[in-house]
Amino acid sequence: MIVRLQPAKAEDAVRLSDMQTRAFMPQVLLRGGFETSPAAETPDRMLERITSAKSHSFIIVADDMYAGMIRIKELNDGACKISPIFVLPEFQNQGIGQKAIALAEEMFPTARLWTLFCVREEEKNVYFYEKLGFRKTGYER
């Protein structure tokens with residue numbers, strides 16, 4: 001499967017918002033918490049993400065199909081934060097998320113630190129990030 005990152009544009013906000021809702025809804029159905037989930041974010045919020053300064057939003061394209069999204073926010077001192085990343089359910093478990101993160105890391109070769117947020121109860125996601133070299137910092141909220 002060929003995976004690439006395509007820069008997101010303002011006109012992609014509604015579609016990406018719908019995709020994000022689909023990607024996060026299984027977690028909501030399992031654990032609740034719709035109000036605080038990315039599944040509840042509006043197209044206007046997605047537009048803010050896409051157009052914010054020091055932020056780079058990319059559509060994850062797998063074999064010419066929209067499979068998800070990754071956003072990289074440049075922080076101080078050469079750090080980058082992934083927020084959000086999601087892959088649609090029908091594209092999960094195919095290495096797409098792993099490839100998307102690898103491509104993002106290639107695009108920001110001077111980044112000295114990568115951070116992200118993950119719900120600890122999402123064991124599959126925790127395992128995925130740890131497999132890629134991320135580690136828990138102990139920060140919880």
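Trainee: Where is D63 found?

Mentor: D63 sits in the loop between β2 (55–62) and β3 (65–74). Strands here are DSSP runs of E with at least two residues, helices are runs of H or I with at least four residues, and both are numbered from the N terminus. Before we go on: this is a predicted model, where local features need pLDDT of at least 70, side-chain atom pairs count only at pLDDT 80 or more, and totals for chains, interfaces and linings use all residues. Residues are numbered from 1 along each chain as its sequence is written, and side-chain values use heavy atoms, with hydrogens and water left out.

Trainee: Why is D63 called partly exposed?

Mentor: Buried means under 20% relative accessible area, exposed means over 50%, and partly exposed is in between (1.4 Å probe, protein chains only). D63 has 36% relative accessibility, so it counts as partly exposed.

Trainee: What is D63 in contact with, leaving aside its neighbours within four places in sequence?

Mentor: M1 and I2, where contact means heavy atoms within 4.5 Å. I2 is 61 residues from D63 in sequence, yet their C-alpha atoms are 5.2 Å apart.

Trainee: And L103, why is that one buried?

Mentor: Its relative accessible area is 15%, and the cut-off for buried is under 20%, so L103 is buried. L103 is in helix α3 and touches V3, R4 and L5, not counting residues up to four places away in sequence. Now try P89: it is 14 residues from L103 in sequence, with 20 Å between the C-alpha atoms.

Trainee: What makes E11 exposed?

Mentor: E11 is at 62% relative accessibility, so it counts as exposed. E11 lies in the loop between β1 and α1, and its C-alpha is 8.4 Å from that of L47, 36 residues along the chain.

Trainee: What is the phi of K54 and of N93?

Mentor: K54 has a phi near 55°, a positive value in a residue other than glycine. N93 isn't a glycine either, and its phi is positive at about 65°. K54 is in the loop between α2 and β2; N93 is in the loop between β4 and α3. K54 is at 52% relative accessibility, so it counts as exposed, and N93 counts as exposed at 68%.

Trainee: How do you know that the peptide bond from S83 to P84 is cis?

Mentor: Look at omega, which is near 0° for that bond. P84 lies in strand β4.

Trainee: Which residues have the most contacts inside the largest nonpolar core?

Mentor: I60, I70, I72 and W114, in a core of 39 residues. Such a core is a set of buried Ala, Val, Leu, Ile, Met, Phe, Trp, Tyr and Cys residues joined through side-chain atoms within 4.5 Å. The elements giving two or more residues to this core include β1 (3–7), α2 (43–51) and β4 (79–87), while α1 gives the most, with six residues. Leaving aside neighbours within four places in sequence, I70 is in contact with several residues, among them L5, F58, I82 and A104.

Trainee: How do you know that the radius of gyration agrees with a compact globule?

Mentor: The radius is taken over C-alpha atoms, and the globule rule is 2.2 Å times the number of residues to the power 0.38. For 141 residues a compact globule would come out near 14 Å, and the protein chain has 14 Å, so the two agree.
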